[in-house]
Amino acid sequence: MPIIDLNAIDKAPLRSDPFDFLVVPGCIGPSALADINGDYPEIERAGNMNLDDVRYGPAFDSFLEELQGPEVAERIGRKFGVELGECPVTTTVRKFCEQSDGNIHTDHPSKIITVLVYFNPNWTEGAGQLRMLRSPTDLEDFAAEVPPIGGTLLAFRRTDHSWHGHERFVGERRMVQMNYLRATRLALWKQQIDRFGTRTMKKALRALGN
């Protein structure tokens with residue numbers, strides 16, 4: 001039985017203010033969500049983790065296989081009017097947020113579509129909800145705010161004005177991020193350099209705080 005509700009993706013409206021994005025609540029059902037959370041990676045620190053660097057169980061592995069598969073690429077691509085089937089994909093997983101997370105940004109130009117899937121059983125915090133922003137400087141000027149509730153899928157088109165961010169939150173915030181990338185060597189190399197630099201900077205900041 002499929003884990004990801006493809007029909008829910010089809011039915012979700014594509015919004016264009018302030019850039020193209022869609023929000024799909026309940027994209028993963030309660031039973032599958034519980035199984036995935038039971039097999040969620042063992043992560044003890046903040047930051048996005050590469051899948052090769054974490055351990056996880058079969059339910060989480062099955063979810064990843066579907067998420068990164070051709071059917072999801074076809075449905076997401078159809079919504080945004082782009083062909084994603086041949087695009088390279090990168091996927092990371094997160095369990096914790098720290099004080100330095102949530103800064104306003106647009107994602108790296110190597111990315112075409114960013115897909116976020118949340119796994120938090122509930123969310124009562126005002127902070128930590130991703131905002132689709134109209135401004136690179138004003139976190140309050142947002143068109144939508146997405147609570148990271150388990151089973152919610154959020155996808156958006158990367159542009160020079162796809163500003164997004166969230167209010168500071170420190171604590172557990174479960175999320176998988178998948179990116180469809182432009183198939184150029186330079187873009188892939190640059191993204192890897194940027195990711196390494198981000199991890200190094202965060203490690204240095206944590207060390208200074210100890």
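Biologist: What covers the buried residues of α2?
Modeller: The cover includes α3 (58-67), β4 (111-118) and β9 (171-181). Buried means under 20% relative accessible area with a 1.4 Å probe, protein chains only, and exposed means over 50%. Helices (H or I, at least four residues) and strands (E, at least two) are DSSP runs, numbered from the N terminus.

Biologist: Is this a predicted model, or what is it?
Modeller: It is a predicted model, where local features need pLDDT of at least 70, side-chain atom pairs count only at pLDDT 80 or more, and totals for chains, interfaces and linings use all residues. Residues are numbered from 1 along each chain as its sequence is written, and side-chain values use heavy atoms, with hydrogens and water left out.

Biologist: Back to α2. Which residues are buried there?
Modeller: L33, I36 and N37, in a helix that spans residues 30-38. Seen down the axis, the buried residues of α2 fall within an arc of 95 degrees, so they line one face. The arc is taken from the directions from the helix axis to the C-beta atoms.

Biologist: And which are exposed on the other side?
Modeller: S31 and G38.

Biologist: New topic. How many helices and strands are there?
Modeller: The protein has 5 helices and 9 strands.

Biologist: Which residues touch the most other members of the largest nonpolar core?
Modeller: F63, I76, L153 and Y180, in a core of 38 residues. Such a core is a set of buried Ala, Val, Leu, Ile, Met, Phe, Trp, Tyr and Cys residues joined through side-chain atoms within 4.5 Å. Another core of 11 residues lies apart from it, F19 and M175 among them.

Methods: Contact = heavy atoms within 4.5 Å.
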